[in-house]
Amino acid sequence: PRQHSTGGKQRLGATTKMGERSLRRLLIIGANSVIIKRHCHASARQGTWLASMLERKPTMLVRVALANKMARIVWALMKSGEVYRAPAVAE
């Protein structure tokens, strides 16, 4: 994502088309696979961010929003050097 950083505080913007095309395309394909298989994924259950977005917004917009969210997670993991831990889903 594009950065707007000042004074040591980093602010991430949108995933722009000026970045690497193949990486952006892979993120959108990954987000698309989550949306297509949403009946299998716990992250798309009722009451989650993804489910509420799919109810309110067009599917393509949700794909790009999810890809941007995934890019932010990947960037944060690369910056901190940690391993991804999936959030616990409340049932």
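Q: Which residues of helix 1 are buried?
A: The model is a predicted one, in which local features need pLDDT of at least 70, side-chain atom pairs count only at pLDDT 80 or more, and totals for chains, interfaces and linings use all residues. A helix is a DSSP run of H or I with at least four residues, a strand is a run of E with at least two, and both are numbered from the N terminus; a residue is buried under 20% relative accessible area, exposed over 50% and partly exposed in between (1.4 Å probe, protein chains only). In helix 1, the residues that count as buried are L27, A31, V34 and I35.

Q: Within what arc do the buried residues of helix 1 fall, seen down its axis?
A: The arc is taken from the directions that run from the helix axis to the C-beta atoms. The buried residues of helix 1 line one face of the helix, because seen down the axis they fall within an arc of 100°.

Q: Which exposed residues lie on the other side of helix 1, and which helices do its buried residues pack against?
A: On the other side of helix 1, the exposed residues are R21, L26 and I36. Contact means heavy atoms within 4.5 Å. The buried residues of helix 1 pack against helix 2 and helix 3.

Q: What pattern does the protein chain follow along its sequence?
A: The protein chain has 3 helices and 0 strands. Of its 91 residues, 16% count as buried. Read along the sequence, the pattern of the protein chain is α-α-α.

Q: How far apart are the end C-alpha atoms of helix 3?
A: The expected span of a helix is 1.5 Å times one less than its number of residues. Helix 3 has 22 residues and should therefore span 32 Å. The model agrees, as the end C-alpha atoms of helix 3 are apart by 32 Å.

Q: Which residues make up the largest nonpolar core?
A: A nonpolar core is a set of buried Ala, Val, Leu, Ile, Met, Phe, Trp, Tyr and Cys residues joined through side-chain atoms within 4.5 Å. In soluble globular proteins, nonpolar side chains tend to be buried together. The largest such core here has 10 residues in all: L27, A31, V34, I35, L50, M53, V62, L66, A67 and A71.

Q: Which helices each supply at least two residues of this core?
A: The core includes L27 and A31, L50 and M53, and V62 and L66. The helices that each supply at least two of its residues are helix 1 (21-36), helix 2 (49-56) and helix 3 (59-80).

Q: What covers the buried residues of helix 2?
A: L50, A51 and M53 are buried in helix 2. They line one face of the helix, because seen down its axis they fall within an arc of 165°. The face turned away from the buried side carries the exposed residues E55 and R56. What covers the buried residues includes helix 1 and helix 3.

Q: What distance separates the C-alpha atoms of L50 and V34?
A: L50 lies in helix 2 and counts as buried, at 2% relative accessibility. L50 and V34 are 16 residues apart along the chain, and their C-alpha atoms are separated by 9.7 Å.

Q: At what angle do helix 1 and helix 3 pack?
A: Axes are lines fitted to C-alpha atoms, for helices over the stretch in contact, and angles run from 0 to 180 degrees between N-to-C directions. The residues of helix 1 that meet helix 3 include L27, I28 and N32, and those of helix 3 include M60, V64 and A67. The axes of helix 1 and helix 3 are 8 Å apart, and the helices pack at an angle of about 115°.

Q: Which residues does I28 touch, not counting residues up to four places away in sequence?
A: I28 is found in helix 1 and counts as partly exposed, at 22% relative accessibility. The C-alpha atoms of I28 and N68, 40 residues apart along the chain, are separated by 8.4 Å. With residues up to four places away in sequence not counted, I28 touches M60, V64 and A67.

Q: How far apart in space are M60 and N32, C-alpha to C-alpha?
A: M60 is found in helix 3 and is partly exposed, with a relative accessible area of 44%. M60 and N32 are 28 residues apart in sequence, and their distance in space, C-alpha to C-alpha, is 8.5 Å.

How values were computed:
Residues numbered from 1 in each chain as written. Heavy atoms only, no water.
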